[in-house]
Amino acid sequence: MSVKKYIQDNQEKFLNELIALLRIPSVSADPKFKDDVFAAAEFVRESLEKAGADQVELCQTAGYPIVYGEKIIDPSLPTVLVYGHYDVQPADPYELWDSPPFEPVIKTTARHPEGAIFARGSADDKGQFYMHVKAFEAMMANEDLPCNIKFMIEGEEEVGSEHLDIFVKENKEKLKADVVLVSDTHMISLEDPSVTVGLRGLSYMQVEVTGPNRDLHSGTYGGAVANPINILCKMIASLQDENNHITIPGFYDKVEEYSAEYRKALNDAPFDLEAYKKELDINDVHGEAGYSTIERVGIRPTLDVNGIWGGYTGEGAKTVLPSKAYAKISMRLVPNQDHKEISKLFEAHFNTIAPASVKVKVTPHHGGQAAVVSTDTPGYRAADLAIQEAFGKKAIPTREGGSIPICSLFQHELGLDPILLGFGLDTDALHSPNEHYGVKNYYMGIETIALFFKYFKEEASK
């Protein structure tokens, strides 16, 4: 039996196992799901053991455990380190889901006529990292594992991988490998398969604006005392000018300006702007003047408000002038922008633009560096060859707008470029209600990952 046939014969089993994993609400950001996050870690540990991994363990951290496992068949062979995460984003707002977020259902869509799994974490990242477990199982079942393999599956990616850097720095020998393989990104489409070669960094902040020492009657005090919500809105609005250019002094000092040739190559990737707008039900796109949508997402930094609140938001009316207003603000960063430096620039500027009528508090949350990887490596060539065999087309190298902070960690601490071999689509509603992942994408991913190992052995030996 070939590896491919094993995968085909076990599709229903592989799908049912993923569904069982998706039923676990492993939300790392919310303490009420603490037991569920640990349950997901245990599920992953058991899955690796059943698939044939050795030395499987839950490596405890100050937060949630990292699941480690390995299969060393021959120390002289190349080693692939697989990274993924079993934690998921919060599912709120639940009322916007068409089906409960932790009760997976399979539904057909225009993009997924073979069906898609609707559940929180289906595409980010349970469905994607679990492909590696199943590809490993298939190779082990057929005694056809071409390379050594190590797994490092964490439970804190969605809250900034706070303890992963400590684990990596303290376990460099344990994690020693020839390449890091990550499936936590998307491809253009199944018709135009791609490999991500660039990710943006992240600086995530929370701001608090305080006016009076208590909520006030808006009739008695309105117009005489600063309204923190009004002030906060004005402050946020001032962070971008009429060209959607970020106004924080020093923000663009280290942003790389790319050549016309490089920008043209980026824009040569298949992209249908009208279909993009239709998919999102928007009349037009929006962003920094002078750049295309592909460029705005891939090579330019951004600033976005992720949440804003304060005052009375219940049913009916309450004429209150609130004491406080809050916002969560994220900045996607490009190579050479250090997230710690950008956080300091943001904090200094936000305090500078605050009027004397309010007090401001800025709290940095998690962040991470951008990462760019070369297409001239054994890992990238192996990914390209695997995609060519599985999809019948060469891979298109793309830059993606999301952030995986640990990618730069792998580069600096382990000296390894990550191969970002993702199989989701940008329409999979990551971090949103109705997140989903194509069943065909799942199966194709398992097959392609197994092929990666075959080709990586060949490429690494050249």
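This is a predicted model: local features need pLDDT of at least 70, side-chain atom pairs count only at pLDDT 80 or more; totals for chains, interfaces and linings use all residues.
How many helices and strands does the protein have? Side-chain values use heavy atoms, with hydrogens and water left out. The protein has 14 helices and 18 strands, taken as DSSP runs numbered from the N terminus (helices H or I, at least four residues; strands E, at least two). The radius of gyration is 23 Å, close to the 23 Å given by the globule rule for 462 residues, so the protein is as compact as a globular protein of that length; the radius is taken over C-alpha atoms, and the rule is 2.2 Å times the number of residues to the power 0.38. The C-alpha trace spans about 80 × 50 × 45 Å along its principal axes. Of the 462 residues, 55% count as buried (under 20% relative accessible area, with exposed over 50% and partly exposed in between; 1.4 Å probe, protein chains only).

A UniProt record, an unreviewed entry, places the feature "domain: Peptidase M20 dimerisation" at residues 198-356; UniProt positions are given in the numbering used here, feature names are shortened, and annotations may be inferred rather than shown by experiment. Over residues 198-356 the chain is 31% helix and 21% strand, with the end C-alpha atoms 42 Å apart.

Val179 lies in strand E7 (residues 179-182) and is buried, at 4% relative accessible area. Leaving aside residues up to four places away in sequence, Val179 touches several residues, including Thr79, Leu81, Gly379, Leu416 and Phe456 (contact: heavy atoms within 4.5 Å). Val179 and Phe456 are 277 residues apart in sequence, yet 9.1 Å apart in space, C-alpha to C-alpha.

Aromatic pairs number 14, where rings of Phe, Tyr and Trp (its six-membered ring) pair if their centres lie within 6.5 Å, and planes under 30 degrees apart count as stacked, over 60 as edge-to-face and the rest as tilted. Phe129 and Tyr130 are edge-to-face because their planes stand at 85°, with ring centres 6.2 Å apart. Both Phe129 and Tyr130 are buried, and ring pairs link Phe43, Phe129 and Tyr130 into a cluster.

The charged end of Lys107 sits over the ring of Phe118, 4.3 Å from its centre (NZ of Lys or CZ of Arg within 6 Å of the ring centre and within 35 degrees of the ring normal). Lys174 lies over the face of Tyr68, 4.7 Å from the ring centre.

Note on methods
Residues are numbered from 1 along each chain as its sequence is written.
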